[in-house]
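Subject: Structure for you to look at

Hello,

Here is the structure I said I would pass on. Please open it and keep it beside this email while you read.

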Amino acid sequence: MVEKCSNCRGNPATGYVLIDKWSGMGSDMEFPYCSERCRLEIMSAAERVRRGAPWFLWGLVVWLMLALGLIVASIVSSSRELMVLSPPLIVFIGGGLLVAFPLVASNAVPMLGIRAAERFARQTGAVMMMAGVGFYLLLTHIFMG
Ligand SMILES: [Zn+2]
């Protein structure tokens, strides 16, 4: 069985490119590719992941601390504004992280291929951001209106 291209998932592989650091997916991974164009896209995706991974991890830490802080603050202060703002804000920022670092956050690469996984993660992030805004408007309407 010929492996499919790990970038487009459409064509059978004609060769392998060795990526020595792909954050979250182990080191020294071989990615099958079908064409020169896909080989270049795999290499630039790997570079985006390599550069984005530390920022993503910091973003995740900040996001978790903010989420915890907001939850605790809402409970302690029993402030209605905070309770209405906190859950949507947490969802919104989580979505923003996905939009900014789609590949770092995506576990769908082996299944979907790099190109589709990146698009999928970005779209998920964008939907989360919109859901956060919608959620906020809804909560405001229910609790503040
Ligand atoms: Zn391809």
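The model is predicted, so local features need pLDDT of at least 70 and side-chain atom pairs count only at pLDDT 80 or more, while totals for chains, interfaces and linings use all residues. Residues are numbered from 1 along each chain as its sequence is written.

**Whole chain**

The protein chain has five helices and two strands. Helices (H or I, at least four residues) and strands (E, at least two) are DSSP runs, numbered from the N terminus. Read from the N terminus, the order is β-β-α-α-α-α-α.

The radius of gyration of the protein chain is 19 Å, whereas a compact globule of 145 residues would have one near 15 Å. This radius is taken over C-alpha atoms, and the globule rule is 2.2 Å times the number of residues to the power 0.38. Along the principal axes, the C-alpha atoms fill a box of roughly 60 × 25 × 20 Å.

Of the 145 residues, 27% are buried. A residue is buried if 20 or more other C-beta atoms lie within 10 Å of its own, exposed if 12 or fewer, and partly exposed in between, with C-beta atoms placed from the backbone.

Most residues other than glycine have a negative phi. Arg9, in the segment before β1 (15–21), has a positive phi near 65 degrees. Arg9 counts as partly exposed because it has 16 C-beta neighbours inside 10 Å.

Ser78 lies in the loop between α1 (36–77) and α2 (80–100), and its phi is also positive, about 40 degrees. Ser78 counts as exposed because it has 9 C-beta neighbours inside 10 Å.

**The pair α1 and α2**

How do the axes of α1 and α2 cross, and within what distance do they come? They come within 9 Å and cross at roughly 170 degrees. Axes are lines fitted to C-alpha atoms, for helices over the stretch in contact, and angles run from 0 to 180 degrees between N-to-C directions. The two helices, α1 and α2, are therefore roughly antiparallel, a label for angles over 145 degrees.

The residues that meet include Phe56, Leu60 and Trp63 in α1, and Leu82, Met83 and Leu89 in α2. Two residues are in contact if their C-beta atoms, placed from the backbone, lie within 7 Å. The residues of this contact divide into 14 nonpolar, five polar and no charged. Ala, Val, Leu, Ile, Met, Phe, Trp, Tyr, Cys and Pro count as nonpolar, Asp, Glu, Lys and Arg as charged, and the others, Gly among them, as polar.

Regards

Technical notes:
Parallel < 35°, antiparallel > 145°, perpendicular 65-115°, else oblique.
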